[in-house]
Amino acid sequence: MEFHVITLFPEMLDAPLASGVVARAIKAGLVSVTTHALRPFGLGSYRQVDDAPYGGGSGMVMRPEPIAAAIDQVIEQRPGLWRVLMTPQGEPLDQARVRALAARQPGLLLLAGRYEGIDERVRALVDCEISIGDYVLSGGELPALVVIEAVTRLIPGVLGNPDSIREESFSADTLEYPQYTRPEEFRGMRVPEVLLSGDHERIRAWRADQALARTRQRRPDLLSGRKSG
Ligand code: JD8
């Protein structure tokens, strides 16, 4: 799977891609991430990529021509990439959408903007628009990294243990059960007796019950689409 990112700040992607699951997947040749600097596509000797909004107002808007030129160059190199605009107005990212993105071959072209926004006509140049959540960020780079990490985790061979993928797909509709490791007692708080019992059926039932109770308490919205919820 290939990820390409068009951005004014390619260096913002370096550190997050240099460690952890994504770094390992890159080293193993399971994914590649290529950043494409937008600045060289800017207009004039100042390589301008933004301009004042028609109709007035504060802040600058990204001009469409540099973005179009960058997209065209990447697509010429790599036809078939699914073009994704990162934007607060996009479809909300959830695990189902991550799975759908992971199925796009040969990969994704993620467009990470800056400034107050992007010229509306850029929407005609992409295949979909995605938001990572209802909060304000300064640009699309962190959202692009979120997409890269979430999608990479689903690529076969990236996570060592296939059991964890199955458990994670379960935890997309309920929250995780409480987890404990050593010591048995920490600052007066004991590990629940059932987890020390060695009774695997009781443990399984306790965890299922805890996951459901915690989900009801904290995220009832996750249960609303459920048959037995
Ligand atoms: C792309 C520019 C900043 C957006 C004024 C300052 C996604 N979930 C999300 N939150 N924020 C973004 C996001 C923000 C961006 C850009 C993504 C490009 N900005 C602008 C409009 C309002 N701010 C995002 N995905």
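Select the ligand. Its shell holds 17 residues, and Met86, Tyr115, Gly133, Tyr135 and Leu137 come nearest. A residue is near a molecule if one of its heavy atoms lies within 4 Å of it. Before going on, note that this is a predicted model, where local features need pLDDT of at least 70, side-chain atom pairs count only at pLDDT 80 or more, and totals for chains, interfaces and linings use all residues. Residues are numbered from 1 along each chain as its sequence is written, and side-chain values use heavy atoms, with hydrogens and water left out.

**Stop 1**

Show the ligand nitrogens and the protein backbone. Which distance separates a ligand nitrogen from a polar backbone atom of Gly133? The value is 2.8 Å. Next, pick Thr87: a polar backbone atom there is 3.3 Å from a nitrogen atom of the ligand. Then pick Ile130, where a backbone N or O atom lies 3.4 Å from a ligand nitrogen. A polar contact here is a pair of N or O atoms within 3.5 Å; within protein, one must be able to donate a hydrogen and the other to accept it, and residues adjacent in sequence count only if both atoms are side-chain atoms.

On its own the ligand has 540 Å² of accessible area, and the protein covers 85% of that. Areas come from the Shrake-Rupley method with a 1.4 Å probe; for residues, only the protein chains shown count as cover.

**Stop 2: the shell by element and type**

Color by secondary structure. β5 (82–92) and β8 (128–131) are the elements that give two or more residues to the ligand shell. The largest share, three residues, comes from β5. Helices (H or I, at least four residues) and strands (E, at least two) are DSSP runs, numbered from the N terminus.

How many shell residues are nonpolar, polar and charged? Eight are nonpolar, seven polar and two charged. Ala, Val, Leu, Ile, Met, Phe, Trp, Tyr, Cys and Pro count as nonpolar; Asp, Glu, Lys and Arg as charged; the others, Gly among them, as polar.

**Stop 3: Met86**

Select Met86, in strand β5. Is Met86 buried or exposed? Met86 is buried, with a relative accessible area of 6%. Buried means under 20% relative accessible area, exposed over 50%, and partly exposed in between (1.4 Å probe, protein chains only).

Show the neighbors. Leaving out residues up to four places away in sequence, Met86 touches Leu110, Leu111, Ile130, Ile132, Gly140, Pro143, Ala144 and Val147. Contact means heavy atoms within 4.5 Å.

**Stop 4**

Go to Tyr115, in the loop between β6 and β7 (117–118). Its phi is positive, near 65°, in a residue other than glycine. Tyr115 is partly exposed at 34% relative accessible area.

Arg47 is also not a glycine, and has a positive phi of about 55°. Find Arg47 in the loop between β2 and β3 (50–51). Its relative accessible area is 38%, partly exposed.

Two cis peptide bonds come next. One joins Gln105 and Pro106, with omega about 5°. Pro106 sits in the loop between α4 (95–102) and β6 (107–112). Another joins Arg182 and Pro183, again with omega about 5°. Look for Pro183 in the loop between α6 (162–170) and β9 (185–186).

**Stop 5**

After α2 comes Gly29, with a positive phi near 75°.

Move to Ala37, in strand β2 (residues 32–37). Ala37 counts as partly exposed at 32% relative accessibility. Beyond residues up to four places away in sequence, Ala37 touches Thr7 and Pro10. Draw a line to Asp163: 126 residues away in sequence, and 38 Å between C-alpha atoms.

**Stop 6: the whole chain**

Zoom out. The protein chain has eight helices and ten strands. The chain is more spread out than a compact globule, because its radius of gyration is 22 Å, well over the 17 Å that the globule rule gives for 229 residues. That radius is taken over C-alpha atoms, and the rule is 2.2 Å times the number of residues to the power 0.38. Along the principal axes, the C-alpha atoms fill a box of roughly 70 × 40 × 40 Å. Of the 229 residues, 35% count as buried.
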